[in-house]
Amino acid sequence: MSRHRAATTAGEFPLSVQQEFLWEGLRFRSLGRDIASRGNPSIAVELAGRLRLGRFRRALELMIRRHESLRTTLTDLGPAPLQRVAADMEPPFAYVDLAEAVPEGRRVATARALVAGDQGGEFDLVTGPLWSCLVVRVAPELHVLSLSFSHLIIDGVSLVGFLRQLGRMYEGEEPPPLKQQYRHFAEDSRRPVPDAEARVAYWRERLLPLPGRLPFPTDHSASPPPLISFEEELFRTPLTPHQLREVAVRNAATPFMLNLAAYAAVLARTGGAERVVIGSSVARLDLKADDDQLGYYLDNIFVPVLVRPGDTVGELVRQVRGAVVDAQRNILPYTDLAAALRPDFEGSRPWPGIHLYDAWVRGRVFEAATDTAAAASFGETTVQLFPAPGGSAPRAVTDPRHRDAYTRYYLPSLYLNDAAGSNGYIEYNRAVFDRATVRRLAAHQQAFVSRFADPRTRVDEAWHAVRSTTEGKRRLS
């Protein structure tokens, strides 16, 4: 591929097929209001040492010139917007100095509040910019860097790449020219997949018939209530990241696969079902022409899991590992797959995704050991993750046109926050579940993951141990 293809050009281009599906979800979840930016990729790191602000701002300017994605907005908020690339753009940079204005004992808490506000905001997708950069000076040689992006222009892997490249430019390194820009990926994404028929056949065999309603007990009716809103319950596994990786290696899997297997088992055993279809996403790194490219490269995969009481947990993980690997080998753009499996696909928009899976698990599928903070360096500083507050405000669904679709979204979904898979949150519909119930569900998940330490344990034995240690007198019902 010739390098001149990556030359930056202002103009308007169609969304990639990956962005197109994401846009369907954003439109649906916005429910007629301004398009929500919830769930955006973001990170906060602590920079200990001398930070030269002039060099830092210059590095931001170079990043904007290098990547069209950082100068991208949408032409409109309709069903088929184009992405617009500006010829130039000022860095969306904010600097707050707490070292002189705030008492020392309150600076870290104030910095956390500033980071939470920065990462919890929403972007104007038409006016832009679709990302923000905040630097908070906590002490003369201690800063906090917060980065937040619209998911439309960046995924989690690209976020790590942004941080790494920003550090290189801060240190004065001039990276080689990009081989292509994201708009070229968007063009390529619309080309037919050569073995699409074989891949569709794979998914037909494994997903049809499409999942019915999993008989999972709820606190309130899931046939849609008059108000639907979402909350998050944070959790942390009892295993340290190092222990979790050791258990994963023992099972020839990744921490993500352990968490997915455990969550499928918890949902199946609680609901009295044998088969659970878990949806997830993977970054299409195989389609990137350059490791330094920034953009949204995620495609969805679906993992049918058979939870048989007599199997060992090791056999359960091996089943999940094989299904995840095969799913990635047969990956298709979601819109192509859904259209092949559902004749009414077009009529089900926006938000067709809920019809292909029971619950969602998000995490780092294959790159579980990546340390995000260690991916970057900024001259004389040392870099480590800065713990910002988690969680989010509830969101309500009141439009009756969307309630039927959301009846299939009653099951809680699992989101892994760190690359090691050791902590995350469960998102749930609070009109269907009480918080106490979801806390028990999170406790079940954490306890089941720890049972993988001995792959010879039978699934029913693991479930009995989980129930005994987490539930006490009250059952999950």
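This is a predicted model: local features need pLDDT of at least 70, side-chain atom pairs count only at pLDDT 80 or more; totals for chains, interfaces and linings use all residues.
Strand β2 and strand β12 (residues 382-385) are joined by 4 bridges and run antiparallel. Within this pairing, L47 has V383 of β12 as its bridge partner.

Of its 477 residues, 56% count as buried. Contacts between residues at least 6 apart in sequence may also be considered: 79% of them join residues that are at least 24 apart.

A separate group of strands forms an open sheet. Its 3 strands lie in the order β1-β4-β3, and their pairing is antiparallel. Strands β1 (11-14) and β3 (72-74) stand at the edges; each has a single partner strand, so one side of each is left without a neighbour in the sheet. From one strand to the next, the twist averages 35°. The pairing of β3 with strand β4 (residues 82-85) is antiparallel and consists of 3 bridges. In that pairing, T73 has R84 of β4 as its bridge partner.

The helices may be approached through two packed pairs. In one of them, helix α6 (residues 196-207) meets helix α10 (residues 334-341): their axes come within 10 Å and cross at roughly 60°. Because of this angle, α6 is classed as oblique to α10. The crossing of the two helices is right-handed. On the α6 side the contact is made by V200, W203, R204 and L207, while α10 contributes L337, A340 and L341.

The other pair consists of helix α12 (residues 435-451) and helix α13 (residues 459-470). Their axes are 9 Å apart, and the helices pack at an angle of about 135°. This angle makes α12 oblique to α13. Helix α12 passes α13 in a right-handed crossing. The residues of α12 that make the contact are A443, H444, A447, F448 and R451. From α13 come V459, A462, W463, A465, V466, R467, T469 and T470.

Q165 is found in helix α4, which spans residues 156-170. With a relative accessible area of 1%, Q165 counts as buried, because the cut-off for that class is under 20%. Its side chain is joined to that of R66 by a polar contact of 3.1 Å. When neighbours within four places in sequence are left aside, Q165 is in contact with M63, R66, H67, D292 and L294.

Definitions and conventions: Residues are numbered from 1 along each chain as its sequence is written. Side-chain values use heavy atoms; hydrogens and water are left out. Buried means under 20% relative accessible area, exposed over 50%, partly exposed in between (1.4 Å probe, protein chains only). A polar contact is a pair of N or O atoms within 3.5 Å; within protein, one must be able to donate a hydrogen and the other to accept it, and residues adjacent in sequence count only if both atoms are side-chain atoms. Contact means heavy atoms within 4.5 Å. Two strands pair if DSSP finds at least two bridges between them. Axes are lines fitted to C-alpha atoms, for helices over the stretch in contact, and angles run from 0 to 180 degrees between N-to-C directions. Angles under 35 degrees count as roughly parallel, over 145 as roughly antiparallel, 65 to 115 as roughly perpendicular and the rest as oblique. A crossing is left-handed if the near helix is turned anticlockwise from the far one by less than a right angle, and right-handed if clockwise.
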